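Here is a colleague's note for someone opening this model for the first time. Please keep the sequence and the 3D view side by side while reading.

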Amino acid sequence: MAATLRIQSDWSRALSRDEGEAWLSCRSPGKATLYGSVTRRGLSSDGVPDIVASEGFVVGEVTKKSILISCPHENVSTKFLAPYTSFCRIHQQSITCLDISSGGGLGVSTSTDGTMKIWQAANGEIRRLLEGHVYDVNCCRFFPSGLVVLSGGMDAQLKIWSAEDASCVVTFKGHKGGILDTAIVDRGRNVLSCSRDGTARLWDCGHSSCLGTVADCGSPVNGMAVGTADSSLNLGSPESPPSEREVGTEGKMLLLAREDKKLQGVGLQSRQPVFLFMGSDAFNCCTFLSSTYILAGTQDGNIYQLDVRNTNAPVQVIHRSGAPVLSLLPYRDGFIASQGDGTCFIVQQDLDYVLDLTEADCDPVYKVASWEKEIYTCCRDGIVRRYQLSDL
């Protein structure tokens, strides 16, 4: 991904007016940035804008919600997609995390306004207010059933909630610092959390107890992910037989995105280290693409793709800007990434094709969630944006 095309984030608004204009830029490492613009000249008979680009840029397919732009000089093209709808009234301040239920009907989100809410994914209508954490709630996610929510906060507490009546059914205590991320093992009899205290812990939901510390990193753990590891990988053996309350941990590897610039792999059942990869800056997030390939994003804008069978060198490093990579989500045959400069993009296996989700301006996009052909983002500007890939 040598060159990056950017369009003024509120391009759909700018081009909604007759003779509207939006600005373009194309940046290649080590080269001067190319600047240009796209201008709307009117509407076609079916209501699609008639758009032309300035010298150096070419406009391809245009729909009511998307526009394809290329820069032949740098041999790069990007399709930009505007939100299908935006929800502005769920929270009053920055939205730091969100998730969508497995059936696509509900969303859950946390905010710096101190609230955590469940809402209708179709229209943003608030259904439940989840109250019980002290201080900010950092992370939230649905269990696979879509009926239960897991959350972690700066109060070092991990909580499980009923999405149906907003009751807190379980509270886990044990961390000595704020919880920064969570993960769910299989259907959710066990869950995981990582914290500013440098530890990752495994919990038993049925008995409301800690099954053990999976890793003690000596540095804050910013993000985590659990997945089935390639069968050729040696995940180690546990020093003692695992508890009968431990369900679904065999054959799983836990990824830990650490503040000390390290990405760590740990055998979930064995608690044994599998690999330790040194990055360019603090790791903020990580995810599994498959049992073989993983992704992790850093504070200085690098997205590392690694093969878990050999982590000595990355398969590739994707760098679109120096802004922090804040979230990574597997999607179809590629992934979605969001960054601190307001960019959110989908990369397919063919890295020459990028789809940009626009309109966050320069506010950080903290988290991305998806359900089928719908993608949801949350941002510092306090807006949840919903994109439909069927608009393409």
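Is Tyr-304 buried or exposed? Tyr-304 counts as buried, at 8% relative accessibility. Here buried means under 20% relative accessible area, exposed means over 50%, and partly exposed lies in between (1.4 Å probe, protein chains only).

Some ground rules come next. The model is predicted, so local features need pLDDT of at least 70 and side-chain atom pairs count only at pLDDT 80 or more, while totals for chains, interfaces and linings use all residues. Residues are numbered from 1 along each chain as its sequence is written, and side-chain values use heavy atoms, with hydrogens and water left out.

1. **The partner of Tyr-304.** The rings of Tyr-304 and Phe-277 have their centres 5.2 Å apart. Their planes stand at 70 degrees, so the pair is edge-to-face. Rings of Phe, Tyr and Trp (its six-membered ring) pair if their centres lie within 6.5 Å; planes under 30 degrees apart count as stacked, over 60 as edge-to-face and the rest as tilted. Phe-277 lies in strand S24 (residues 273-278) and Tyr-304 in strand S27 (residues 302-307). The pair therefore ties together parts that are 27 residues apart in sequence. Phe-277 is buried too, at 6% relative accessibility. Strands (E, at least two residues) and helices (H or I, at least four) are DSSP runs, numbered from the N terminus.

2. **Other aromatic pairs.** A search of the whole structure finds six aromatic pairs. One of them joins Phe-87 and Trp-119, with ring centres 6.1 Å apart. The planes are at 65 degrees, so this pair is edge-to-face. Phe-87 belongs to strand S8 (residues 85-87) and Trp-119 to strand S11 (residues 116-120).

3. **A ring cluster.** Which residues do ring pairs link into a cluster? They are Phe-87, Trp-119 and Tyr-376. Phe-87 is buried at 5% relative accessibility. Trp-119 is buried at 0%.

4. **A charge over a ring.** Look at Arg-320 next. Its charged end sits over the ring of Phe-345, 4.2 Å from the ring centre. The test asks for NZ of Lys or CZ of Arg within 6 Å of the ring centre and within 35 degrees of the ring normal.

5. Strand S9 (residues 95-100) is mostly covered, with five of its six residues buried. S9 pairs with strand S10 (residues 106-111) in the antiparallel sense, over five bridges. Two strands pair if DSSP finds at least two bridges between them. Cys-97 stands opposite Thr-110 in S10. Five residues separate the two strands of this hairpin. In the turn, Gly-104 has a positive phi of about 80 degrees.

6. **Salt bridges.** Side chains of opposite charge can pair when their charged atoms come close. How many salt bridges does the structure hold? It holds 14. A salt bridge is a side-chain nitrogen of Lys or Arg within 4 Å of a carboxyl oxygen of Asp or Glu.

7. **Lys-31 and Glu-74.** These side chains meet in a salt bridge (3.3 Å, N to O). Lys-31 is in the loop between strand S2 (21-27) and strand S3 (34-43). Glu-74 is in the loop between strand S6 (66-71) and strand S7 (76-81), so the pair ties together parts that are 43 residues apart in sequence. Glu-74 is buried, with a relative accessible area of 16%.

8. **Glu-246 and Arg-271.** A salt bridge joins these side chains (3.0 Å, N to O). Glu-246 sits in the loop between strand S21 (221-228) and strand S22 (252-258). Arg-271 sits in the loop between strand S23 (262-267) and S24, and the two are 25 residues apart. Glu-246 is buried at 12%, whereas Arg-271 is partly exposed at 23%.

9. **Positive phi in two loops.** Asp-186 has a phi near 50 degrees, a positive value in a residue other than glycine. Its loop runs between strand S17 (179-185) and strand S18 (190-195). Asp-186 is partly exposed, at 44%. Glu-372, also not a glycine, has a positive phi of about 50 degrees. Glu-372 lies in the loop between strand S33 (365-371) and strand S34 (374-379). At 59% relative accessibility, Glu-372 counts as exposed.
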